[in-house]
Amino acid sequence: MIILAIALAFIAWQGWQRLESQQQRLDEVAQQAEGSASQQAVSDLESRLDSGEAERDEALQSTLGDLRDEFDSYRSDVDETLGQVLDQLSQEQDTDEREWLHAEAAYLLRLANQRLQLEGDVDGAAALLRTADARLVDADNPALTPVREAIANELAALDAVPQVDRTGLYLALNAQQERISSLRLSQEIEEQAVTSSIEEPPTGTFQRQLARFGEELKDLVVVRHHDEALEALITPEQESYLRQSLRLVLEQTQLALLNEEKELYDASIDKALQLLNDYYDTTREETQSVIARLEELKQAEVKPELPDISGSQQALARFIDNRYETRGQSGGDS
């Protein structure tokens, strides 16, 4: 019996040593997986996002500054030109009411071009063209027919420009942000409590206790065979940063929408779709719904092609120049 007990104890000691060896190998595999591709991918994502956000802010500030300077320059030129025209008209002794109507129409046409080029305001430009045409009607001069014809063609071109519902698109992108915040990732970390079937201290003979100990070891140790390399789990800190990154990408999409930057708009939506496909659970219906909606929003027309409405302005400018030249020649002959 003593020899049998010693033999059983030796066998149990060998089993325990093997268990500790397997646990050490599992720990080494976990440590190696922890610094694998997932960590590198998230680190690269951090670097690209920080760099892209800085470049975006710098480009936005530069663009806004250029637009302000250009608009101020255009407005200054318009005011200066209109002032010169009005001064010339006031100096002419034979100036009639029609000269004022010509000058006002020229100013309205130039303002319509600026409104369309700088602000992309199709409705505002069309309203200014109609007002300028009304002034030419009041002038009642058949020589202005080519100018009015050019205005009519430009109004038709503006009516053909597709309407862009930027407010609706902005709100749609905002709604997708709210939905994405509740989506599940493809890797979920779940903590499970370790339970044991041992409710009472073991009793009985040594052989019975040893047999029960072996059964417990079978329940605690589970060996799984994987044909592919294990993918490291995403930590809670990395999950938070990933969700924040996706939110910033969608905000960049909204900013591109407001600035009418089609290329940036499409690139931002593509980036959002890539993050969803790479890190979120695309087997779930709600994730597929968000992906489908973003792909639909990508097809929206952010910056429609605007027509050239400078023809009427140039035609009226030629009419005014010819009128002054004719008047000057008549004055010189007299």
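I began with helix 4 (residues 122-139): at 1.5 Å a residue its 18 residues should span 26 Å, and the end C-alpha atoms are 26 Å apart, which agrees. The expected span is 1.5 Å times one less than the number of residues. Helices here are DSSP runs of H or I, at least four residues, and strands are runs of E, at least two, numbered from the N terminus.

I noted that this is a predicted model, where local features need pLDDT of at least 70, side-chain atom pairs count only at pLDDT 80 or more, and totals for chains, interfaces and linings use all residues. Numbering runs from 1 along each chain as its sequence is written, and side-chain values use heavy atoms, with hydrogens and water left out.

Next I checked the helix ends. D121 caps the N-terminal end of helix 4, with a side-chain oxygen 3.4 Å from the backbone nitrogen of D123. Just after helix 4, D140 has a positive phi of about 55°.

Then I looked for salt bridges (a side-chain nitrogen of Lys or Arg within 4 Å of a carboxyl oxygen of Asp or Glu). I found R130 paired with D159, closest N and O atoms 3.9 Å apart. R130 lies in helix 4 and D159 in helix 5 (residues 145-159), so the pair ties together parts 29 residues apart in sequence.

R148 and D133 also meet in a salt bridge, at 2.9 Å, N to O. This pair links R148 in helix 5 to D133 in helix 4, 15 residues apart.

Definitions and conventions: A polar contact is a pair of N or O atoms within 3.5 Å; within protein, one must be able to donate a hydrogen and the other to accept it, and residues adjacent in sequence count only if both atoms are side-chain atoms.
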